Amino acid sequence: MAENTHYDLIVIGSGPGGAALAQRLAPTGKRILILERGDYLPREEANWSGQAVFVEGKYQADEQWVNKDGGTFAPQLHYNVGGNSKVYGSALFRLRERDFDEVEHAGGVSPAWPLSYQDFAPWYDEAEALFHVHGRRGEDPLDPGSTAYPFVPVKHEPKVQELSDKLTGLGLHPFHLPLGILLDQKEDGFATPTSVCMRCSYFDGFPCLLNGKADAQVMCVDPTIRDYPNVTLLTGAYAERLDTDASGRRVESILVQRDGRQERYSADTVVVACGSLSSALLLLRSANEQHPNGLANGSDQVGRNYMRHEMSIVMAVMKHVNETVFQKTLALSDFYFDSGDPDYPHPLGLIQMCATSHADQIKGEAPLASLMKHLPDMPFAEMARHSMDFWLQTEDLPIPENRVYYQDGQVHLDVTETNEKSLKRLKAKLEQVLSDIGWPAMLIERSLYLGKDIPLSGTAHQAGTCRFGTDPSTSVLDLDCRAHEVENLYVTDASFFPSIGAVNPTLTIIANALRVASIIEARL
């Protein structure tokens with residue numbers, strides 16, 4: 001093997017888990033290679049086209065997977081520098097302290113983590129600084145953070161502020177959504193001339209044409225390869241498999257497909273961070289004589305325990321006009337662990353606002369039969385003017401049967417809903433709260449993925465598939481996120497999650513990647 005194909009560290013995947021780790025290890029001077037199967041997402045006018053982004057799926061992977069019933073679907077995956085963070089909503093929450101313990105839900109038990117919140121707390125601090133998180137500590141009664149956010153909260157526009165005040169009047173605790181965003185604010189809350197973000201309505205799910213969203217490319221990859229010549233980014237590089245030495249205990253080389261040819265690279269340490277689904281598939285593709293069921297899969301847990309939240313996007317169509325432009329600034333966690341209903345003593349989850357609806361999104365996404373039944377005479381543009389939009393999420397529970405795997409040369413993703421009753425209760429709670437504040441609304445399901453609740457193809461918030469733990473018979477990774485069976489292999493995306501809580505997972509991915517980077521640094 002040619003000498004220049006060997007590195008101290010190879011990171012497979014440039015999303016938050018891979019990029020944050022590479023960024024933190026860059027100052028060591030070690031030779032680091034980042035392999036990304038995609039390329040830079042184009043910066044073009046279509047970035048802000050609801051038709052192109054949501055209806056046509058312009059930036060999504062062109063793949064067909066198989067569901068548990070044998071039907072096919074297109075997974076909503078994005079293979080770009082920065083990974084799925086290029087189209088995420090940039091809501092960066094810490095898991096609640098209680099999320100690290102065992103929690104009983106209506107659908108079953110969410111298992112405890114083998115580490116506590118305190119083990120992650122300093123890394124959360126570092127992650128919030130790295131991704132420019134805006135927020136105000138103390139507003140969210142469940143936020144476990146003790147240090148101030150590095151940036152002031154993104155200010156509410158008038159209608160959202162009115163909503164916040166009315167919710168407070170009910171005795172609830174609305175709070176500013178913690179957002180990773182490159183924003184300098186004027187006193188009125190709008191962007192200054194020097195701000196990268198201009199507070200537009202194209203946020204959730206849209207790529208940012210201005211690079212004002214704090215994603216993995218903007219915050220980690222680009223600054224790292226600019227400032228550290230020891231770090232190399234290779235795009236269009238699909239990691240086909242990991243090959244081990246004869247003992248099966250070390251990854252010896254990585255077979256990469258690039259520009260229609262095969263290339264091999266090797267490293268002293270290999271970090272897999274392709275996203276929970278793609279990381280598990282890479283390990284399964286890497287089966288060999290020593291690992292017949294897939295690399296590091298002696299426990300038969302690789303690909304299993306897939307989680308993605310029980311999620312729904314709701315468009316609340318109201319009598320009054322909502323002229324808010326940048327709407328994603330408010331969240332509510334009062335029902336996160338407590339439904340408030342003695343007849344249903346179970347956690348419900350998180351309510352947060354999402355980006356403003358656009359007419360072409362509504363036309364392409366919302367169930368038209370429901371719209372025509374309830375709002376037959378209202379044009380789509382008028383629906384958008386009268387709507388407020390909310391993202392609801394309830395904890396998904398890990399079960400072995402929810403899994404990604406290969407069969408007959410095709411990718412299969414088997415998913416059974418685990419906690420859907422609580423999601424329905426959370427929707428009803430939102431409807432009741434809006435009625436209680438004098439804003440009765442018709443709630444219309446507005447999925448980013450052309451359905452009601454976000455269906456199987458919606459792979460946002462993917463987690464599990466390579467969970468960490470102390471017992472090699474029931475977990476894939478040890479507490480350092482190193483494979484039990486392969487001594488130089490780590491996984492640093494959300495694959496390691498033993499449970500997912502009900503908050504967006506990205507900040508926990510980043511915090512853990514920084515934690516693991518410190519461990520690898522001590523061993524390099």
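Colleague: What makes the side chains of Arg304 and Asp300 a salt bridge?

Modeller: A salt bridge needs a side-chain nitrogen of Lys or Arg within 4 Å of a carboxyl oxygen of Asp or Glu. Arg304 and Asp300 meet at 3.3 Å, N to O, so the pair qualifies. Do keep in mind that this is a predicted model, where local features need pLDDT of at least 70, side-chain atom pairs count only at pLDDT 80 or more, and totals for chains, interfaces and linings use all residues. Residues are numbered from 1 along each chain as its sequence is written, and side-chain values use heavy atoms, with hydrogens and water left out.

Colleague: Why is Arg304 called buried, and why is Asp300 called partly exposed?

Modeller: Buried means under 20% relative accessible area, exposed over 50%, and partly exposed in between (1.4 Å probe, protein chains only). Arg304 has 16%, so Arg304 is buried. Asp300 has 37%, so Asp300 counts as partly exposed.

Colleague: And what makes Asp259 exposed?

Modeller: Its relative accessibility is 61%, so Asp259 counts as exposed. Its salt-bridge partner is Arg258, at 3.9 Å, N to O, and Arg258 is buried at 17%.

Colleague: Why is α3 called roughly perpendicular to α11?

Modeller: Helix α3 (residues 117-130) and helix α11 (residues 506-523) pack at about 110°. Angles of 65 to 115 degrees count as roughly perpendicular (under 35 is roughly parallel, over 145 roughly antiparallel, the rest oblique). That is why α3 gets the label against α11.

Definitions and conventions:
Axes are lines fitted to C-alpha atoms, for helices over the stretch in contact, and angles run from 0 to 180 degrees between N-to-C directions. Helices (H or I, at least four residues) and strands (E, at least two) are DSSP runs, numbered from the N terminus.
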